[in-house]
Amino acid sequence: MFEKTITLGDKLTIIQQGNYSKEQEKEYVSKVLDFKGEDELHIGIPLEHLNEVPLTVGDVYKLCIYTKRGLYNCTGQVTESYSEDNVRIGVIKLLEELTKEQRRQYYRLFKRMEVRYRLYSEDEFSFDEEEIKWKKAILTDISGGGAKFHCQEQLEAGDVVELKVRLSTERHTHTEELLSTVISSIPIENRDSLFEVRVKFSKIDIIQREEIIKYVFEEERKQLRREKGLM
């Protein structure tokens, strides 16, 4: 079903299917460790806040797989989990053929770092820069298309915010100010007054997007070198 499309090490995100609203859906990152037969993927057990996310036998997930040929989607069902060389692995049986996503593929980097944000106002030009109040947040992932961050206030879907993100690449360190639209803002379980906010970059030029993409892939290479003990 997928041997000519998926390769070992390909990144994927999984979203549990069921009676959930868009705001309740949770997305986890993993990677392909092995495949057996024509419809069985073996993936690393995903982590959330450094804790393993249990994959329950019978649960169904939407899979988004980032391959060299593009982004592919399908649904799959957990059939078992096991440990090998101290690595927890989940087995997922694909329930349908892979379908290629037609939108542009932006790989998502999962990394925690401090950022600043503010609600965007149409009257901003009537204020001095010193009067604009930037608030602290913790970025948890970023891609060429959007980002996710944790903050201490609940924003509303449709709100426009400006993110100030400091990026360091091999070439230089610089700060990007990114106008973004809030997609969702939901309370984080067991964390008082903390909210997870997903945004889509709504006004971004080609140069800014390419800088973010370069940063994402440089950081990904660094993470892979760390995993291999080369850093």
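When I say buried, I mean under 20% relative accessible area; exposed is over 50%, and partly exposed is in between, with a 1.4 Å probe and protein chains only. Keep that in your head for S180, which is buried with a relative accessible area of 0%.

Okay, some housekeeping. This is a predicted model, so local features need pLDDT of at least 70 and side-chain atom pairs count only at pLDDT 80 or more, while totals for chains, interfaces and linings use all residues. Residues are numbered from 1 along each chain as its sequence is written, and side-chain values use heavy atoms, with hydrogens and water left out.

Now the overall picture. The protein has 1 helix and 15 strands; those are DSSP runs, helices being H or I of at least four residues and strands being E of at least two, numbered from the N terminus. Of the 231 residues in the protein, 42% are buried. I'll also talk about contacts, meaning heavy atoms within 4.5 Å. Take the contacts between residues at least 6 apart in sequence: 55% of them join residues at least 24 apart.

I call two strands paired if DSSP finds at least two bridges between them. β2 and β3 make a hairpin with 3 residues between them, and G37 in the turn has a positive phi of about 65 degrees.

Speaking of phi: most residues other than glycine have a negative one. So who has a positive phi here without being glycine? D85 lies in the loop between β7 (70-84) and β8 (87-94), and at 71% relative accessibility it counts as exposed. N190 is another, with phi near 60 degrees. N190 is in the loop between β14 and β15 (195-203), and it is exposed too, at 79% relative accessible area.

Back to S180, as promised. Where does S180 sit? It is in strand β14, residues 173-187. Its side chain reaches the backbone oxygen of L178 at 3.1 Å. That's a polar contact, which is a pair of N or O atoms within 3.5 Å; within protein, one must be able to donate a hydrogen and the other to accept it, and residues adjacent in sequence count only if both atoms are side-chain atoms. Leaving out residues up to four places away in sequence, S180 touches D159, V160, V161, L163, V199, K200, F201 and S202.

Next, the cysteines. How many disulfides are there, if a disulfide is a pair of cysteine sulfur atoms within 2.5 Å? The count is 0. For C64, the nearest cysteine sulfur is that of C74, 8.7 Å away.

On to the rings. Rings of Phe, Tyr and Trp (its six-membered ring) pair if their centres lie within 6.5 Å; planes under 30 degrees apart are stacked, over 60 edge-to-face, and the rest tilted. By that rule there is 1 aromatic pair. Y117 and F149 form it, tilted, at 5.4 Å centre to centre with 35 degrees between the planes. This pair links distant parts of the chain, 32 residues apart: Y117 is in β10 (residues 109-119) and F149 in β12 (residues 146-151). Both Y117 and F149 are buried.

And then there's W134. A charge sits over a ring if NZ of Lys or CZ of Arg is within 6 Å of the ring centre and within 35 degrees of the ring normal. R118 lies over the face of W134, at 5.2 Å from the ring centre. K164 has its charged end over the ring of W134 as well, 4.2 Å from the centre.

Last stop, the helix. R209 is in α1, residues 206-227, and at 19% relative accessibility R209 counts as buried. R209 and G146 are 63 residues apart in sequence, and C-alpha to C-alpha they are 9.8 Å apart in space.

Technical notes. A disulfide is a pair of cysteine sulfur atoms within 2.5 Å.
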